[in-house]
Structure formats: structure tokens, C-alpha cells
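Reader: Hi, could you walk me through this structure? I'd like to ask a few quick things as we go.

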Amino acid sequence: ATPTAVMVATGKGASLGVLIKGGNALEKAHKIKTIIFDKTGTLTKGKPSVVQTKTFSKIPLLELCDLTASAEANSEHPLSKAIVEYTKKLREQYGSPSDHMMDSKDFEVHPGAGVSANVEGKLVLVGNKRLMQEFEAPMSSEVEEYMSEMEDLARTCVLVAIDRVICGALAVSDPLKPEAGRVISHLSSMGITSIMVTGDNWATAKSIAKQVGISTVFAEIDPVGKAEKTQGLAVAMVGDGVNDSPALAAADVGMAIGAGTDVAIEAADIVLMKSSLVDVITAIDLSRKTLAKIR
Ligand code: ADP
Ligand code: MG
């Protein structure tokens, strides 16, 4: 496209809340045949909340949640925020101060798996099966059963281990963005195939994909794996998280959700300022129209 056409299109985009970072992004967007969507915070609202809890040992629920929230306190992950918030509410119900947090040391993020921290001398692990395996915390059949029960309900089951013993789980539900299904079917009518990738487990992933009408799913994928999935011709990636940034950078066109993390926004070629999935269509339309004009 000519510099003028690019300027007009990026200006139009900006007025619609679609930030296009230059002519290259605009040109590549019109060729897109496949769009890979991240699940959490992209297809879903990214505002998860704890909907059910379970303890697998005699540990009181409040103590379990206190340790969990203290381990998660330094994390920006939506799941962490949900857990901290739930714990605050729980403490209020028990008539305790809601801002109680225990001393936490050696906090570490394990991308696509969870967090670990030393809370008052105890090793607290909060995350999925992969995290538990990494730290050699054994999974009992009771834990396995509870997990799959929650996952079949499209919930993410967050496991909590204390000193490598899985003591409890928090089931988290993250509602779909209302426009998600509509956008996927519109993209299909434009000749674009939608795929979902997520670090979350297979059962939850499949259940979410079914709800939005996506038939190709890749679950339990780490950030590097997400980037590898974008390695094809004419592939766009839509994501919001730190864990999506390698994929956003690697894809032909990376589109970041405006409400997402700064790292994702920086890695992307296009930023959807309103965080609405409808603007994935807006961006491609704009690109197709701009490039059609100069043909
Ligand atoms: P997505 O790809 O869906 O955006 P992530 O890659 O961020 O998800 O996380 C994948 C999975 O790893 C989550 O579904 C969860 O099981 C686990 N996980 C990641 N971060 C955390 C955390 N801070 N606390 C608990 N679990 C986590
Ligand atoms: Mg995400």
C-alpha cells in the first residue's frame, strides 16, 4: 500500500479503537487465513472467580485459602487475582480482617503452570497438574476425580499443595465474552479458520471451544508451544497475556487485547483497544479494503 493509504487506514483504525502499528501489519492482515485465539482473557472475559472449593486433608478451608492467596499475592495472573479476592471475602465471612497476608518468600511464576512460594516456611504450590508433576507432588485418585468433575463443567481446577502434599483445590469459572461465538462464525464466513490454544487443560479447553464453535483446539501448551503453533502461512494470533507474547511476536500478525498485559501489547502488531473480539474483524476488514483499493 502507498504511504498515504497506510496513513488513512491507520487513522481510521485508531478512530475505531484498532491500533495498527505500521504498514507491514496492515498488509499482512489481509492475507490471514487462520486465526489462533488464546482462551483465557481472549475468548473469555479473563475475570475468573472461584465458584467451588475442596479440601483433601483436614486443613481448614480458611487456612488453605490464606496460604494460597499469600503465595499468589505477587502474581498478576487473573487466576491469582480471583483467588486473592475469594480469600478476602471468605475472611470477611469469618469476621477476620480481609487484608491478612502471610509472609511469602522465593515467589516464582511457572508460566502456564502456576506459582510457587515459601509461605512461613512452607512450600506452597498453586497451579495445575504440570506444576504438581514438576515438584513431584503426587496426585491421588480423589484429586484426579475432583479435577475432571470440575473440568467437564468448563471450570479450571487450581490445585494447592503444601510441602508437596495436595491439600485442596479451587474451581474457577471464567465467563465467555458475549461476542465470541458470533465473531468466530463471522470469521468463518470470511473464509478464516479459528483455532484455540491454551495453557489450560484439555477438558476445560474442549468445553469452552465447543461453546464458541471452534473445532480445532490445542490445550496444555506452554508459551513456547503457543509460538510454534503460529508458524504457518498467513496465521494471526490473538492474545492478552505475558504467556502469549512469544506467539504474538512470532505470528504473521499479532493482535493484542487492549485490556491485556503491557508485554502482550508491545509484542503485537495490532492492538484492540476496546478489547472486543469484534475488532479482529474490524482490523481484517480495514486491511482487506485498503489493499483492495490499490490493486
Ligand atoms: P491461558 O493460556 O489459558 O491464558 P495460562 O497459560 O496463563 O492460561 O495458564 C495455564 C494454566 O496454568 C492455567 O489454566 C492454570 O491451570 C495454570 N496457572 C497459570 N498461572 C497460574 C496461577 N498464577 N495460579 C494458578 N494456576 C495457574
Ligand atoms: Mg490469556
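This is a predicted model: local features need pLDDT of at least 70, side-chain atom pairs count only at pLDDT 80 or more; totals for chains, interfaces and linings use all residues.

Reader: Thanks! Is Met-273 buried, exposed or partly exposed?

Author: Met-273 is partly exposed, because it has 18 other C-beta atoms within 10 Å. A residue is buried if 20 or more other C-beta atoms lie within 10 Å of its own, exposed if 12 or fewer, and partly exposed in between, with C-beta atoms placed from the backbone.

Reader: And which residues is Met-273 in contact with, leaving aside its neighbours within four places in sequence?

Author: Those are Gly-17, Val-18, Leu-19 and Gly-258. Two residues are in contact if their C-beta atoms, placed from the backbone, lie within 7 Å.

Reader: New topic: how is the chain divided into domains?

Author: There is domain 1 (3-45 + 176-293) and domain 2 (49-173). These bounds come from an automatic or database domain assignment. Taken over C-alpha atoms, the centres of domain 1 and domain 2 are 31 Å apart.

Reader: How many residues of each domain are in contact with the other?

Author: Twelve residues of domain 1 are in contact with ten residues of domain 2. On the side of domain 1 that touches domain 2, H3 and helix H9 (202-212) are the elements that give two or more residues. H9 gives the most there, with four residues.

Reader: Where does ligand 1 lie relative to the domains, and why?

Author: Ligand 1 lies between domain 1 and domain 2, because both give residues to the shell around it. Of the 23 residues around ligand 1, Thr-40, His-77, Asn-128, Gly-199 and Asp-200 come nearest. A residue is near a molecule or strand if its C-beta atom, placed from the backbone, lies within 6 Å of it.

Reader: Which element gives the most to that shell around ligand 1?

Author: H3 does, with three residues. By class, the shell around ligand 1 has five nonpolar, 14 polar and four charged residues. Here Ala, Val, Leu, Ile, Met, Phe, Trp, Tyr, Cys and Pro count as nonpolar, Asp, Glu, Lys and Arg as charged, and the others, Gly among them, as polar.

Reader: Nice. Which residues touch the most other members in the largest nonpolar core?

Author: Of its 49 residues, these are Ala-236, Met-237, Met-255, Ala-256, Ala-268, Ile-270 and Val-280. A second, separate core of 34 residues includes Leu-67, Leu-79, Ala-113 and Leu-131. A nonpolar core is a set of buried Ala, Val, Leu, Ile, Met, Phe, Trp, Tyr and Cys residues joined through C-beta atoms within 7 Å.

Reader: Now H8. Which residues of helix H8 are buried?

Author: In H8 (residues 180-189), the buried ones are Ala-180, Val-183, Ile-184 and Leu-187. They cover an arc of only 100° around the axis, so they are on the same side of H8. That arc is the one of the directions from the helix axis to the C-beta atoms. On the other side of H8, Ser-185 and Ser-189 are exposed.

Reader: Which residue other than glycine has a positive phi near 45°?

Author: That is Asp-163, which lies in the loop between E7 and strand E8 (165-173). Asp-163 counts as exposed, because it has 11 C-beta neighbours inside 10 Å. Glu-136 is not a glycine either, and its phi is positive at about 55°. Glu-136 lies in the loop between helix H6 (129-134) and helix H7 (141-152), and it is exposed, with 8 other C-beta atoms within 10 Å.

Reader: Last one: where is Glu-120 found, and what does it touch?

Author: Glu-120 is in the loop between E5 and E6. Not counting residues up to four places away in sequence, Glu-120 touches Met-102 and Asp-103.

Notes: Residues are numbered from 1 along each chain as its sequence is written. Chains are lettered from A and ligands numbered from 1 in the order in which they are written.
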